[in-house]
Every structure is written in C-alpha cells, then in structure tokens.
Amino acid sequence: MADKISWIPLESNPDVLNKYIHNLGVPKEWQFVDVYGLEPDLLGMVPKPVAAVVLLFPITDKSEATALGEQKQDSDLYFVKQTIRNACGTVAIVHALANNKDEIKFLEDKPFAKFLKNTVNMSPEKRAEVLQEDTDMGSAHDDTAQEGQTKAPPSESQLNTHFVSFVCKNGGLYQLNGRDDAPTYHGPTTPDSLLEDMAKVAKQFMERDPEEVNFTLMALSKVD
C-alpha cells in the first residue's frame, strides 16, 4: 500500500539538497543557498536569479487549523501529490525544479529529466505513483539522506516538520505542498521579486505559530 512506503527524511541543509539535485541532473550553476533572515539586507545577500524558495516549517495544531492563501489551479503548474512518508523534501524539490524547466536545463541522461518527461502530462496522483516506483529517484534520495550533519532518522519516523516550495508562475506566487489537494495562491509576484514576496508569506507562517522556532528557508539560485 502507498501509505506504507517510507523514505529516510532529508536534512534541511543546502549541501545535502545540492548533492541531491546535482545527482538528479541539475547543472552545478544552480544551487540551494540559505536565506538567513527576512530583513531586506539579508534577502539582498541571496544570489539572483531565484527560481524557487523551499520552506521547512513545523506541523502543529495551529498550522493545521489555520490555512494561508487560497487553493487555486493553474494548468501551467506542475503539481504532484505526496504519497511516500517522509518524502516531502523530494516532493518540494520536484516542485521547485519541474516548475522551472524553461530556466534550468536538466541533463537529459540523468534521473530528473527522465522523470519529468515521463510525468509531464499526468495527473498529480499518477505522478505520485510513478515517483514511488522510480528506483533512480528513490536511490538518489536515499543516498543523499545519509549525507546530513546529523544522523538520519529511520524511514518510519513520524516527523513534525514539513517541506514546501514556492514558485512564480504566470505572475502568481504559488505554494506547492504535496499534502494539499491543489497549489495555494499567495498573490502576485514576478521572477525578480519572488524571494521578497515569499518572505512576506514566510512571516505569516511564523506569526501563525509564534512559539515555534523551527523554520528554515533555502533559495534555489543561479550562482554563476
């Protein structure tokens, strides 16, 4: 059964995510970098262009009870459901990459280009099935999950944190969360203002759960 499939959780560490995406076939010029704060001077330290932002946030009663933004379909968005336990990091990466296929030139002989080609015209549910069965994507995930600065927890662990991605598509800021039924719209944005506009949403996440501190932001940037 799909709900019994578990992967080892990914650590929220740019070094870990970069090894993963480069093994998947993302050119080395694209890298995840830490976003050290939401103030303008700290956002200004992030290399541009920014193709996507990944947020790790705690799952709490407050986060589950208070939704932010509005669920909204856009046929140009690539969206995949998460049916593998602890695969939210991989799902967030898939969302970040697949929705920037025109900007990022994936290596055609590597796992991600093959996965994207196979699933581009599928439903979110069917894409999830293919991800479950894709041994190349799964092996890349498992290899990378062992690379963190801390010992990787067992695949059957129940985590209280979750990865989501934010991208700009057709002038809109969208949150892509494999646990949701559809993407979430957070208002207008542009490729140039994606990071700053997403930072405003990140503040809403933090204000919703002011006693929590376990938030991490990483931007997918072109560094060369």
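## Cores, sheet and packing helices

The largest nonpolar core has 46 residues, and those with the most contacts inside it are Phe32, Ile93, Leu97, Phe106, Phe112, Phe115 and Leu220; such a core is a set of buried Ala, Val, Leu, Ile, Met, Phe, Trp, Tyr and Cys residues joined through side-chain atoms within 4.5 Å. The largest share of this core, eight residues, is contributed by helix 4. The model is predicted, so that local features need pLDDT of at least 70 and side-chain atom pairs count only at pLDDT 80 or more, while totals for chains, interfaces and linings use all residues. Residues are numbered from 1 along each chain as its sequence is written, and side-chain values use heavy atoms, with hydrogens and water left out.

Not counting residues up to four places away in sequence, Phe112 touches Leu24, Val94, Leu97, Ala98, Phe106 and Met137, where contact means heavy atoms within 4.5 Å. A second, separate core of 24 residues includes Leu173, Met198, Ala202 and Phe215.

Helices (H or I, at least four residues) and strands (E, at least two) are DSSP runs numbered from the N terminus. An open sheet of seven strands, with antiparallel pairing, has the order 1-7-2-4-5-6-3; its edge strands, each pairing on one side only, are strand 1 (30–34) and strand 3 (70–71). Two strands are taken to pair if DSSP finds at least two bridges between them. The pairings of strand 6 (residues 184–188) are set out below.

| Strand joined to strand 6 | Bridges | Direction | Residues facing each other |
|---|---|---|---|
| Strand 3 | Two bridges | Antiparallel | Gln71 opposite Thr184; Glu70 with Tyr185 |
| Strand 5 | Three bridges | Antiparallel | Gln175 opposite Thr184 |

Four of the five residues of strand 6 are buried, so this strand is largely enclosed by the rest of the structure; buried means under 20% relative accessible area, exposed over 50%, and partly exposed in between (1.4 Å probe, protein chains only).

In helix 4 (residues 88–98), 11 of the 11 residues are buried, so the helix is largely enclosed by the rest of the structure. Among these buried residues are Cys88, Gly89, Thr90 and His95.
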